[in-house]
Amino acid sequence: MTGETPPPRRLMVDRETKPKLPPYLKLRHDAGRDRWVLLAPERVLTPDQTAVAVLQLCDGERSVKEIAAKLAEEYSAPVDVIAADIVELLQDLADKGYVKG
Amino acid sequence: MTEQQKANGHVQTVSVDDEPTTGVEGSQDVTAELCALAPIGLLAELTHRCPLQCGYCSNPIELERVANELTTEEWCSVMRQAGEMGVLQIHLSGGEPCVRKDLEEIVSAASEAGLYTNLITAAVTLKRERLEGLVKRGLDHVQISFQDVDPENAEHIGGYPGATQKKLDVAGWVTEMGVPLTVNAPIHRKNIKSVPAYVDLAIKLGAQRLEIAHAQYYGWAFLNRAALIPTYEDTLASIEFVEEARERLKGVLTIDMVVPDYYAKRPKPCMGGWAKGFMNVTPAGKVLPCHAAESIPELEFDNVRTRKLRDIWLDGSAFNAFRGTSWMKEPCRSCAFKDIDYGGCRCQAMAMTGDPRNTDPACALSPYHAEMVNFAKEEASKPPTEFLYRNPRNAAKALKAKEETLLPAE
């Protein structure tokens with residue numbers, strides 16, 4: 001049928017994906033606990049430093065490849081290793097509904 | 001631990017669910033770190049008033065009177081104190097929270113305090129303009145209960161004509177406004193076969209999350225057990241369906257499930273442990289470790305009207321009564337699982353055995369376990385009975401009758 005919105009599909013993250021966080025996700029520094037938390041409906045996620053660095057770059061403009069290149073430079077680490085790690089991290093978050101393409 | 005809570009190396013997930021008995025769930029290390037000094041979730045039961053009359057409600061039989069409800073300023077103070085002490089998520093619930101005319105001010109106070117603000121509503125009285133106003137004030141998430149997918153049965157269960165269309169309208173507005181929606185599906189004998197239809201409904205509505213919440217037998221639901229307990233076979237089928245759907249709908253719909261424990265061998269880790277990561281404020285300001293805690297007669301509860309929320313959390317006698325494991329008796333005390341399930345639920349132990357320190361009868365090691373399972377199977381095999389609807393008239397009637405506890409095995 002025409003005119004109907006297609007059913008939502010699972011996002012498969014690869015190096016070309018331009019990830020963004022949905023507006024209802026709140027990445028917040030929790031001063032009392034001195035750590036970053038990601039707040040979602042009835043969930044508290046606890047990203048480590050790497051995840052926070054990645055999530056802060058997920059603006060819907062940069063691709064995974066570009067995020068990896070930026071972090072590889074900052075941390076002087078091999079870009080391939082970083083990109084693979086980011087894909088795994090974002091796929092896991094996408095499967096929970098917390099990252100959109 | 002569910003798929004949702006598994007670690008992926010860089011991010012761990014802890015659930016802060018408002019369902020009775022769920023509370024805080026996640027890996028031990030992360031939960032302990034987050035909850036070291038303060039709870040991360042707070043359930044604010046703004047009122048016991050509700051336009052619906054569902055017999056599965058886990059509110060206490062004795063419903064709080066309007067005149068005793070906390071004032072606007074008192075609720076706003078609770079929100080500010082919660083934010084300061086380190087609570088991260090607030091669940092505005094009831095009864096029906098939209099009955100409070102000052103919901104707007106309470107949402108503003110919660111949002112300004114930095115709390116992730118959830119509205120748990122039946123949605124039948126919520127108008128579009130009001131929802132827009134609440135979202136502007138910082139409301140983060142809306143959860144709407146559907147008593148069944150079939151409108152006729154839903155309206156019979158909730159005792160409210162025309163409920164389904166109103167709920168569908170509100171759900172549509174929520175997703176239109178870009179606010180995440182949870183469909184809450186309270187499951188029991190009279191709607192358990194609708195679990196697949198609930199999944200379809202959640203997808204159709206564009207919900208982010210679906211909560212398949214099998215009734216937990218506290219308050220009104222305890223009174224209505226005979227009308228609510230599904231058969232073992234239907235229970236199992238519903239659980240299997242959800243597990244399959246979860247896998248199939250990865251990245252599309254998050255499905256949380258609260259399973260019934262009458263048919264379980266191990267008790268649930270009720271609230272993620274007594275006074276570990278979650279607290280509850282009643283309409284009249286009493287602060288409870290879980291929302292059924294008032295069913296334990298020996299406990300005394302502090303009130304936000306007379307004591308700071310943080311002092312209550314740290315030093316309140318009700319919070320310390322069953323915190324940790326030192327209160328335990330056998331078989332819990334020497335059990336290898338005592339730090340995993342915390343002996344199950346204190347309120348269920350109280351309701352069925354008369355002693356809140358006993359092992360939850362849902363545990364196969366409890367001498368009361370066999371009788372509990374038999375009771376459930378027997379009730380489920382009888383023809384379905386009618387609900388005693390949750391309303392003030394029935395409350396008065398029910399308070400006169402006295403519930404009897406189970407007898408232990410010889």
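These legends describe chain B of a predicted model, from the whole chain down to single residues.

The model is predicted, and local features need pLDDT of at least 70, side-chain atom pairs count only at pLDDT 80 or more, while totals for chains, interfaces and linings use all residues. Residues are numbered from 1 along each chain as its sequence is written, chains are lettered from A and ligands numbered from 1 in the order in which they are written, and side-chain values use heavy atoms, with hydrogens and water left out.

**View 1. Chain B as a whole.** Chain B has 16 helices and eleven strands. Here helices (H or I, at least four residues) and strands (E, at least two) are DSSP runs, numbered from the N terminus. The radius of gyration of chain B is 20 Å, close to the 22 Å that the globule rule gives for 410 residues, so chain B is as compact as a globular protein of that length. That radius is taken over C-alpha atoms, and the rule is 2.2 Å times the number of residues to the power 0.38. The C-alpha trace of chain B spans about 60 × 50 × 50 Å along its principal axes.

**View 2. Inside and surface of chain B.** Of the 410 residues of chain B, 60% count as buried. Buried means under 20% relative accessible area, exposed over 50%, and partly exposed in between (1.4 Å probe, protein chains only). Take contacts in chain B between residues at least 6 apart in sequence: 73% of them join residues at least 24 apart. Contact means heavy atoms within 4.5 Å.

**View 3. The open sheet of chain B.** Nine strands of chain B form an open sheet with mixed pairing, in the order β9-β8-β7-β6-β5-β4-β3-β10-β11. Two strands pair if DSSP finds at least two bridges between them. Strands of a sheet pair through backbone hydrogen bonds, either parallel or antiparallel. In chain B, β9 (254–258) and β11 (287–288) stand at the edges, each with a single partner strand, so one side of each has no neighbour in the sheet. Strand β3 (residues 41–45) and strand β10 (residues 278–281) of chain B pair in the parallel sense over four bridges. G41(B) stands opposite F278(B) in β10(B).

**View 4. Two residues of strand β4 in chain B.** H91(B) lies in strand β4 (residues 89–93). H91(B) counts as buried, at 0% relative accessibility. Not counting residues up to four places away in sequence, H91(B) touches residues including E42(A), V16(B), N118(B) and F278(B). S93(B) is found in strand β4 of chain B as well. With a relative accessible area of 11%, S93(B) is buried. The C-alpha atoms of S93(B) and E45(B) are separated by 4.8 Å, and these residues are 48 residues apart along the chain. Leaving aside neighbours within four places in sequence, S93(B) is in contact with L43(B), A44(B), E45(B), L46(B), T47(B) and I120(B).

**View 5. Strand β1 of chain B and its partners.** Six of the seven residues of strand β1 (residues 11–17) of chain B are buried, so β1(B) is largely enclosed by the rest of the structure. Strand β3 (residues 43–47) of chain A runs antiparallel to β1(B), joined by five bridges. T13(B) in β1(B) is the bridge partner of L45(A). Strand β2 (residues 23–25) of chain B is also antiparallel to β1(B), with three bridges. There V16(B) has V24(B) as its bridge partner. β1(B) and β2(B) form a hairpin with five residues between them, and T21(B) in the turn has a positive phi of about 80°.
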